[in-house]
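Let's take a walk through a structure together, going from the big picture down to single residues. Have a look at the model first, and then we'll go through it step by step.

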There are 2 protein chains.
Amino acid sequence: MIRRLIDKIRETKAPICVGLDPMLNYIPEHVTKKAFGEFGETLEGAAEAIWQFNKEIIDKTWDLIPAVKPQIAMYEQFGIEGLKVYQKTVDYCQEKGLIVIGDAKRGDIGSTSAAYAAGHLGTVKVGNTVCSGFHTDMLTVNPYLGTDGVKPFVDVCKAEDKGIFVLVKTSNPSSGEFQDKLIDGKPLYELVAEKVVEWGSDCMDGDYSNVGAVVGATYPEMSRILRKLMPHTYFLVPGYGAQGGTAEDLRHCFNEDGLGAIVNSSRGIIAAYKNAAYEKFGPENFGDASRQAVIDMTADIGRVL
Amino acid sequence: MIRRLIDKIRETKAPICVGLDPMLNYIPEHVTKKAFGEFGETLEGAAEAIWQFNKEIIDKTWDLIPAVKPQIAMYEQFGIEGLKVYQKTVDYCQEKGLIVIGDAKRGDIGSTSAAYAAGHLGTVKVGNTVCSGFHTDMLTVNPYLGTDGVKPFVDVCKAEDKGIFVLVKTSNPSSGEFQDKLIDGKPLYELVAEKVVEWGSDCMDGDYSNVGAVVGATYPEMSRILRKLMPHTYFLVPGYGAQGGTAEDLRHCFNEDGLGAIVNSSRGIIAAYKNAAYEKFGPENFGDASRQAVIDMTADIGRVL
């Protein structure tokens, strides 16, 4: 899977993914109005608005990017109706040839992680029939429960050629509260990084492993160290743009081969039309604003590579 | 919410919850056969089998217990169809007056945790209308991202009188890999415990806080220390029974008032009919086997209180 992602990154010359995290207040009024008109101010109405919003952004950006990263929480908050649109979005992106990284941050004890892995990346057996649930290509995973909570995801990566990104150092302001704590002089995130390397070592797919890491753009000094600790681990890098990370901050996330990282932007792309730099497009043309934001982000990151 | 849970625990004299974690191989053949006959060997068929299985167990145990803990992964693995049954199970248990603890172990950056909190415990606004998604009463939460990843759940607990249980020390074999690591001489789980106390301090509901902790039954020495560190924090205790925790191991999870902990059993209750001790019931009467297992578990724990 990571080889497929790298091929797509080379093809598009864009080491970026679009975070499909549709908050209702990002969606232009003409879209919500139409959806609520049809389905009422209901969970279904919200789901329809999200779907129309996503579809337009995908249609306007898919040829420029290798991957998307839908944040499942933004769908899950609308219950079943929201999750139906999550699935519809995954399907639609895959039809367009995009790699879909489900941002679910799942992780539990072994048997439970196995169920998450089956539902999001693998298959389940019903009687003698093999079925599949959400079938994303890659998934983010939380490491707090240790090896037996992560291993079932790694096993599915091996069996089905899928990929995961394990949280190592997250982009949020209080990520250091536990992640930066020193253990025998070494921060916890480095310990997690060492485990990620171990978990990924027999899951190689070319020069990189199908077991990747989430490393926030907002802590550039740490990403420099992590890059060295994990030379064959792909980084999924959140925090660029709206969360404060700049292209300069990203430099250390990449290896000398220009590979090793895929940078996510959510708000900065999908709500670009609300940004002063793109307001000339207007809410009616929000998809075109997103397309321009993708072009600009790719150029911005290209500068430091 | 925690006061409501305590009232129910006193009323039933049972500090236990039934883990509704229906693996397909726990479900008796006559149930799966009927469901697959109706819906085929499909995700729908699996969902129907789970629903019929859950319903029977709830019908046979609801009057003996204060709460249930459905593990959402076991539903999520069957995609949308599975999650519909999760919701149906939540609804049905709440109609029976049970408190529902959604075992979802969610946790993310602030804005994303806010979406999870809204979807599982709170409400979402669609236009001017307030809607709700999964509306469980309590939820398990992962602390790896620190305060700003947990705070949105605490805020919903305050606003809507709901509860959470934050992972402190989990029951699985490799939980110590990160959680036991010493930081200035103190294991990480104690640091997390201190934060849980802090997060819960302005969220009191009687003698206990609506912000609880997950503390595994499988590490009794640690639960003894944690009990002292967190006198006003309710513990959700997994690991009893099938995972190896005994009633003796649970003693330290309780305070001297006989309160302070609710012990979960999943397999030991819902698949009781497969256990030699209950095989006289036979698969046809799996619900009766579960009822007897609840009675026995309550007595077993009662011995050490």
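Start where the two chains touch, and keep in mind that this is a predicted model. Chain B brings 70 residues to the contact, and chain A brings 71 residues. How much area is buried between chain B and chain A? It comes to about 5,700 Å², and carbon and sulfur atoms give 64% of that. If you're wondering why we talk about area here, the size of an interface is often given as the accessible area lost when the parts come together.

Now for the kinds of contact you can find there. Between chain B and chain A there are four salt bridges, along with 29 residue pairs in polar contact. On the side of chain B that touches chain A, you can count 32 nonpolar, 26 polar and twelve charged residues.

Let's zoom in on one salt bridge. Side chains of opposite charge can pair when their charged atoms come close. Here, B:Asp108 and A:Lys105 pair up through their side chains, at 3.0 Å from N to O. Over all chains, the count of salt bridges comes to 40. As for where our pair sits, B:Asp108 is in the loop between β3 (99-106) and α6 (110-120) of chain B, while A:Lys105 is in strand β3 (residues 99-106) of chain A, so the pair joins two chains.

Next, step back and think about how the copies are arranged. Two copies of a chain are related by a rotation about an axis and a shift along it.

What about a single chain? An unreviewed UniProt entry places the feature "domain: Orotidine 5'-phosphate decarboxylase" at residues 15-281 of chain A. Over that stretch, the chain is 42% helix and 19% strand, with its end C-alpha atoms 25 Å apart.

Finally, here are two backbone details to look for. A:His135, which isn't a glycine, has a positive phi near 35°, and you'll find A:His135 in the loop between β5 (129-131) and β6 (138-141) of chain A. B:Asp161 isn't a glycine either, yet its phi is positive at about 50°. Look for B:Asp161 in the loop between α7 (147-160) and β7 (163-169) of chain B.

Technical notes
Residues are numbered from 1 along each chain as its sequence is written. Chains are lettered from A and ligands numbered from 1 in the order in which they are written. This is a predicted model: local features need pLDDT of at least 70, side-chain atom pairs count only at pLDDT 80 or more; totals for chains, interfaces and linings use all residues. Side-chain values use heavy atoms; hydrogens and water are left out. Contact means heavy atoms within 4.5 Å. Buried area is the accessible area (1.4 Å probe) that two parts lose on being put together, summed over both. A polar contact is a pair of N or O atoms within 3.5 Å; within protein, one must be able to donate a hydrogen and the other to accept it, and residues adjacent in sequence count only if both atoms are side-chain atoms. Ala, Val, Leu, Ile, Met, Phe, Trp, Tyr, Cys and Pro count as nonpolar, Asp, Glu, Lys and Arg as charged, and the others, Gly among them, as polar. UniProt positions are given in the numbering used here, feature names are shortened, and annotations may be inferred rather than shown by experiment. Helices (H or I, at least four residues) and strands (E, at least two) are DSSP runs, numbered from the N terminus.
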